[in-house]
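Subject: Structure for your review

Dear colleague,

Please find below the structure that I am handing over to you. My notes on it follow.

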Amino acid sequence: MSLLTTFKLAIRALWRNKVRTLLTMIGIVFGIGAVIAMVSSGQGAQLAVKQVFQSMGTNVLIVTNQSMRGGGPSTGGGGGASLTWEDLTALQAEEIPTIKWMAPVLDSRTQVVSEEANWNTRVYGTNATWFKIRNWEAAEGTLLDEDTGNSNAKVTVIGKTVATQLFGTASPIGQTIRVNGQPYEVIGVLTAKGQGPMGDNDDAMVIPVKTFQQKIDRGIAKYFRGQLLVSMTRDDAAEQTMAKISSILRDRHKLDGSQEDDFRIRNPAEWAKAQQDSTERIATLLAIVAAVSLLIGGIGVMNIMLVSVIERTREIGIRMAVGAKPLDVMTQFLVEAIVLAAVGGALGVALGYGAAHYMAGYFGWPMIFPAKTAAIAFAVSGGVGVGFGLYPAIRASRLDPITALRYET
Amino acid sequence: MTTPLIEMRAIERTYVMGDNLVHALRGVDLTIDKGSSIAIMGTSGSGKSTMMNIMGCLDQPTKGSYLLNGKDVSRLSRSQLADVRGRMIGFVFQSFNLLSRTSALENVEMPLMYQGVSSADRHKRARQALERVNLAGREHHHTNQLSGGQQQRVAIARALVTEAPVIMADEPTGNLDSKTSFEVMAILQGLVDEGKTVILVTHEADIAAYASRVVTLRDGLIIEDRQQTPVKAGEVAA
Ligand SMILES: Nc1ncnc2c1ncn2[C@@H]1O[C@H](COP(=O)(O)OP(=O)(O)O)[C@@H](O)[C@H]1O
Ligand SMILES: [Mg+2]
């Protein structure tokens, strides 16, 4: 019998038992679906972590007060601050060889107003080096430079989101934004960076740090309630640099050996690496779970095929009586198992894609369709069909025609 | 002299049932010529079906030699036997043995599939076979939607479709009422007139009456073998 005929026959036989066909396929569908969804999500999560890490700038350390959370508002009273502006000046003066740049960052979430609109955004007070550390260019106009960055000029560089919200499609350059009643002239718009660890990177308005102190913090204070971004010259200098900064600050704060640090130095690269490692481990674990469920799906196929062979004993007898050879019978059941597994595999790929898409949207990581994995999973499901369909098919082909014809259903 | 269609010499068939041996056939000699119609009679358990299964290459004898169309088939492989069945023999069973939830046409096409006949040819030949048993127009009925007589005619069409020279029918009227039995016998007799060999297993004398030769079995042995003038079923059925 031709292979095409055998395929048609298999599809017709499976179609005749729709419910059972569907139930048999479920194991495969979910097995493959799980493989695709897990691999896709794992890769997406890893890429997301990597992107977060990259948007923060590489080789960066963050020095903050002990009690302050990173990115928290520097405005408002409350004790707990121990870092002083003098500490910053002292660190700068040390000229630590592994440090490339340093930038103090103050920030506050504030309402900002243009002629047309108003918007709630995060206002950063920093200087020219901040843009270098974050590797951020101007899409339009200019960035803060050495002069403006260290002055108390009321100028600002804004992110794409703020530009769109306040000025729509018009160019913001030369326009005025009011913050706390004070006018700021827009001198530049940053290139778009998209989503970052703290949300939309482009939802930002940058002003000189001195201006921030005077107009938003309302006065020059002794204590520094922000983040000091430190960029290093080399990837592997983190430990050494952290130790050096720590020893300078401990000295200045007169801490003895038994006292804990009253400041914090964080290394985002380390954190990103830890995140990446754990997502990798989870991905591996999930892949194993998926493989096991695929195996169980395969056993399900075998089980149903065995039942099917028994149920169709009489049919097998009839086919043999009219001239079906043992090989014909075996091929028929094997092809049925393969079609079952392959259709299940295809549905599984679709399901996995859907699930991965949903998860990517839900967790906000990029959607990656693992085409290679899908191809492998599909091939594996076909293999499962052959592997687990072979035994029932051989059983069917070994039936004796007389016994099969006498079989009562 | 032409080779006989069937030549059985000292055929024995023993079944093993646990520790017991069942001697279903205990040394049967039988020669059947091409184009004849023969009824195999006997009470239930006398070995009729066993004999037909061996003649039809569905089963192998425990002892003895069997030549089908001059060829020794008693030592063929399962695959070779399947091939011989497909080409030489059309079966008709008491319980019809059709595939349920499958159309009449597909049932009739089935033997041709295993001979590698193309789809278009299969359709054509299956339709013609169904016409020959007066079932034109019922091609797409599922077999479970047909009456017993109609189902048995589908089974006959399936036996005819390969143009096999031999039709073997094991109690073909066993599940039918007397009117439909006549119809089925009329068709089978028509096949003899066309030159086919029809071997009929039955335990009913009035069915055996349609054959020109009657062989009677008892306890696995032939006890009687006689020629007769067959009753014409066609006249009754028409
Ligand atoms: N597959 C089998 N296994 C064991 N015994 C069998 C088998 N087939 C038939 N027999 C026995 O062989 C004898 C002849 O059976 P069978 O040929 O079916 O008789 P008939 O068709 O004349 O009624 C019976 O005693 C029956 O029980
Ligand atoms: Mg019988």
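Two residues are in contact when heavy atoms lie within 4.5 Å. By that rule, 26 residues of chain A are in contact with 24 residues of chain B.

This is a predicted model, in which local features need pLDDT of at least 70 and side-chain atom pairs count only at pLDDT 80 or more, while totals for chains, interfaces and linings use all residues. Residues are numbered from 1 along each chain as its sequence is written, chains are lettered from A and ligands numbered from 1 in the order in which they are written, and side-chain values use heavy atoms, with hydrogens and water left out.

**Between the chains**

Chains A and B bury about 2,300 Å² between them, 56% of it on carbon and sulfur atoms; buried area is the accessible area (1.4 Å probe) that two parts lose on being put together, summed over both.

There are two salt bridges between chain A and chain B, a salt bridge being a side-chain nitrogen of Lys or Arg within 4 Å of a carboxyl oxygen of Asp or Glu. Arg12(A) forms a salt bridge with Glu106(B), with 2.3 Å between the closest N and O atoms. Side chains of opposite charge can pair when their charged atoms come close.

Which elements give two or more residues to the side of chain A that touches chain B? They are helices H1 (3-16), H10 (313-321), H11 (326-363) and H13 (401-406) of chain A; helices are DSSP runs (H or I, at least four residues), numbered from the N terminus. H10(A) gives the most, with six residues.

**The ligand**

Ligand 1 lies between chains A and B. Of the 13 residues around ligand 1 (a heavy atom within 4 Å), those that come nearest are Gly45(B), Gly47(B), Lys48(B), Ser49(B) and Thr50(B). An oxygen atom of ligand 1 is 2.9 Å from a backbone N or O atom of Lys48(B), and a polar side-chain atom of Thr50(B) lies 2.5 Å from an oxygen atom of ligand 1.

**Within chain A**

The structure holds 20 salt bridges over all chains. In one of them, the side chains of Arg252(A) and Asp87(A) meet at 2.6 Å, N to O. This pair links distant parts of the chain, 165 residues apart: Arg252(A) is in helix H8 (residues 238-252) and Asp87(A) in helix H3 (residues 85-94).

Yours sincerely

Notes: Polar contact = N/O pair within 3.5 Å; in protein donor to acceptor, adjacent residues only side chain to side chain.
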